[in-house]
Structure formats: C-alpha cells, structure tokens
Amino acid sequence: MFSHLVNLFFPKSCAGCHAFLLSNEEVICTKCRDEIPLTNHHKHKNNEVIQKFYGRIPLEFGATFFYFHKKGIVQQLIHQLKYKGQEEISSIIGNWYAFELKDIPELKQIDYIIPVPLHKKRLKKRGYNQVTGFGTALSKSLNIPFNEAVLYRKLYTETQTKKNLLGRIDVVDDVFEVNEPNNHIGKHFLLIDDVITTGSTLEACSRALLKIPEAKISILCMAMAHS
Ligand SMILES: [Zn+2]
C-alpha cells in the first residue's frame, strides 16, 4: 500500500530512457528492453569476443549480452549502475542474460564465476562492485559458484603502474594475482565484467589466472563497445 502511494507521488523512472515506469515494469521499461541491441554472441562460436581476444588469451567461450553505443540505452544503464547508485541494474541484467544462457553447453563446464576485482578506492567510493549483482544472478540461475576470493587486485605501487601519453594509468599484467593458486589447478573460470572496450583489464585478469596449471578461461560481460 505504502509503496503504491510512494509510486503515485514519486513515480520511478526507467534507467535506460527516464520515462516513468508502469506498475508492471521494473527498473528498465518494456520499450527499452525491446530496443536494446543484443549481440547474440552466445549463438555463434567464432563471435566478436573470441575474435577480440584471439592471439591474446585462449578462450573456451566468450560472449557479451548487449552492444554499447555512445548515447544509447546501454550507455545510460551502465552509467546509472556505475555512477548513480542503481546497483539493482546489475542483477536485472544478470537474470535476463541467464535466461538466454541456460542451455549453453560450454557454461556447464565452468567451476567458478569470477568478477574483475575493483580497485579498493573505487569500491569504497561506489560502495559496491558493479558486476557483483550480475555475477550472483548468473550464479543462482546457472548453478555455478560465484567466487570473489580467487582473484584480487594488488595495491598500486610506482613500479606496477605506468602512465600512458594521456597521463592515465595503464593496467599492467601484475596488477592482478590469484589467492592460493594450488587450490585451483585445472579449474575453468568464467571472468565477468561490465563493458569490454580494449579488453586489457580482462586480458590482465586472464593472464593471472592462466598462471594456475591447466586453468581454462571463459569471458562473459554485460556489453561490448560497438561503433
Ligand atoms: Zn526505458
């Protein structure tokens, strides 16, 4: 009753287009759900994610759910998720994607879902890792354990970072490290993140995981930058 009254006076708006949500809509309106550009990567073995990492990381499986365009719905969703405190977007995308992925045979071989670890400072500022909801939703639906403890991000020190020409810090290989690598020999890890752009962070995470003998890597992300 109370929430109905709240909605009446303070209607919730869509995280994608900011239109008011109808009572049967949750976070993302029906129009946005229909218009979001889907990649259908999971239906194609040699898809753009596999191609992106070709020669960099040997992937068992790779896919993203959406295409990310500048000023598009997906950019809005990711912006709300990362900078406007709308953490629930993460699990909504995860549940939606899990429904599409439930019959993918490669995913049945996976031992752990692993999020790209967030830098501690950023975690403190945001209050949550933006892919945790995505990962736990996938974990529940696909029945694969979600594990945030396998991979961790080392604290930056001068020797581990280098600034690029724009003065921004480039991710270098030894930023990520594995906890107790001997406990994970031969495991298949599904690395998850929000948006793939250059893929350098996922590559650095994969390299750390591939130091484990006979480890296998797959990648699943919410979206992929697309021009
Ligand atoms: Zn919308």
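Residue Y112 lies in strand β2 (residues 112-115), where helices are DSSP runs of H or I with at least four residues and strands are runs of E with at least two, numbered from the N terminus. The structure is a predicted model, in which local features need pLDDT of at least 70, side-chain atom pairs count only at pLDDT 80 or more, and totals for chains, interfaces and linings use all residues. Residues are numbered from 1 along each chain as its sequence is written, and side-chain values use heavy atoms, with hydrogens and water left out. Although Y112 and L190 are 78 residues apart in sequence, their C-alpha atoms are 6.1 Å apart in space. Not counting residues up to four places away in sequence, Y112 touches I144, P145, N147, H184, K187, H188, F189 and L190, contact meaning heavy atoms within 4.5 Å.

The largest nonpolar core has 42 residues, and those with the most contacts inside it are F66, Y97, L101, L107, L138, I192 and L220. Such a core is a set of buried Ala, Val, Leu, Ile, Met, Phe, Trp, Tyr and Cys residues joined through side-chain atoms within 4.5 Å, buried meaning under 20% relative accessible area with a 1.4 Å probe and protein chains only. The largest share of this core, seven residues, comes from α5.

Helix α5 (residues 88-101) and helix α7 (residues 132-142) pack at an angle of about 35°, their axes being 7 Å apart; axes are lines fitted to C-alpha atoms over the stretch in contact, and angles run from 0 to 180 degrees between N-to-C directions. Residues making this contact include Y97 and L101 of α5 and L138 of α7.

Notes: Buried < 20%, exposed > 50% of the residue type's maximum accessible area, 1.4 Å probe, protein only.
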